[in-house]
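Grab a pencil and work through these exercises with the model open beside you. Try each task before you read its solution.

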Amino acid sequence: MRSIGDMAQALVLRNRNVQIRQQIDRLGLELSTGVVADKARHLSGDLTALAAMDRNLSVLDGFRIATTEAAQTTGVMQTTLGAIQTRTEDVSLTLLQTDIMVSESLRSTVAKDALSALTSVMSDLNRTTYGRSLFGGTATDRAPLGTSDTLIADLRGLLAGVTTLAGIEAQLDAWFDAPGGGFETQTYQGSTTNLAPFQLGPSERAALDVRADDQVFRDMIRGLALAAISDDDILDFDQGLRAEMLASAGNQLLQTQVPLTELRAGLGALEARIEETVTRNAAETTATRLARLDLIAVDPYETATQLENAQLQLESLYTVTARAARLSFTEYMR
């Protein structure tokens, strides 16, 4: 240090100060994060494995989002179908008892309960999640079904003048089941194309193909509508026909319970598969993160020791700098 001038000496000390401070900053960062600051130097410039792991983690994160959305969607669907089944099952059992009802007011009450169930079922099938309709296929931007009031109004015009149960059921069959019938053109407003399957993994997909225009829902809505419209004041069916309509509606609703149960069972199996995929993806994510950490992790004890040594070097440098400052010619003249 004495072989160079004062200004050069100050420059050397300042430069060394910066170097030690940078070393302290790097070691402090590595100690706090647990990974090396310069990954390329640590891996001798071979970043292939690290890049592959980072890409895999990015892909797995995308699958995590997809599986979360799929689990949420199927869960809401299952809850909705459960509520629909409970409501329609209760109504069907009540309708099947109308044969022994002698009170016309009691039958009217049952019909009004069916209308309430019809409104509830159609509202349930219009449910949304993540701001998208659940049962409308690819038409996620709108409710797949109209309102029960609109449906009853449409059926009122359809059944005007019909005086027999066979005639009423024939009209309803054509409305709900015929291609291009009233249900497809007026009641159902969703898409006939199913949603694209959720990509849960590299080779794992989950297809949600439940739509409000499925046959089980058509039959369910038809049965509820038949019971509800039996008490319509405008059509004014006679008492005997009303009783027949209520009993027929009860049978129709009862017949929808088995296919609805099967639909829910299939949805439950899909939920289980999604849950298995979530677990598998989480395990792979954890394993990849651990392997990545093995590549770039630092030894905390060694890093702490180096940090302490760097701090001692900085303190020593301050001492040397202070002593060198007192050896100047100006200080000597004082």
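Predicted model: local features only at pLDDT ≥ 70, side-chain atom pairs only at ≥ 80, totals over all residues.

Residues are numbered from 1 along each chain as its sequence is written, and side-chain values use heavy atoms, with hydrogens and water left out.

**Exercise 1.** Work out how far helix α8 reaches and how enclosed it is.

*Solution.* Start with the extent: α8 covers residues 215-229, which is 15 residues. Helices here are DSSP runs of H or I with at least four residues, strands are runs of E with at least two, and both are numbered from the N terminus. Next, the span: from first C-alpha to last, α8 reaches 21 Å, close to the 21 Å expected at 1.5 Å a residue (1.5 Å times one less than the number of residues). Finally, count burial: 13 of the 15 residues of α8 are buried, so the rest of the structure largely encloses this helix. Buried means under 20% relative accessible area, exposed over 50%, and partly exposed in between, using a 1.4 Å probe and protein chains only.

**Exercise 2.** Describe how α5 and α6 pack.

*Solution.* First, the geometry: the axes of α5 (residues 148-159) and α6 (residues 165-177) come within 10 Å and cross at roughly 130 degrees. Axes are lines fitted to C-alpha atoms over the stretch in contact, and angles run from 0 to 180 degrees between N-to-C directions. Now the residues: Leu 151, Asp 154, Leu 155, Leu 158 and Leu 159 in α5 meet Ile 168, Gln 171, Leu 172, Trp 175 and Phe 176 in α6, where contact means heavy atoms within 4.5 Å.

**Exercise 3.** Which loops hold Tyr 130 and Asp 236, and what is the phi of each?

*Solution.* Tyr 130 is in the loop between β1 (128-129) and β2 (132-133). Though not a glycine, Tyr 130 has a positive phi of about 55 degrees. Asp 236 is in the loop between α8 and α9 (239-255), and its phi is near 50 degrees, also positive in a non-glycine residue.
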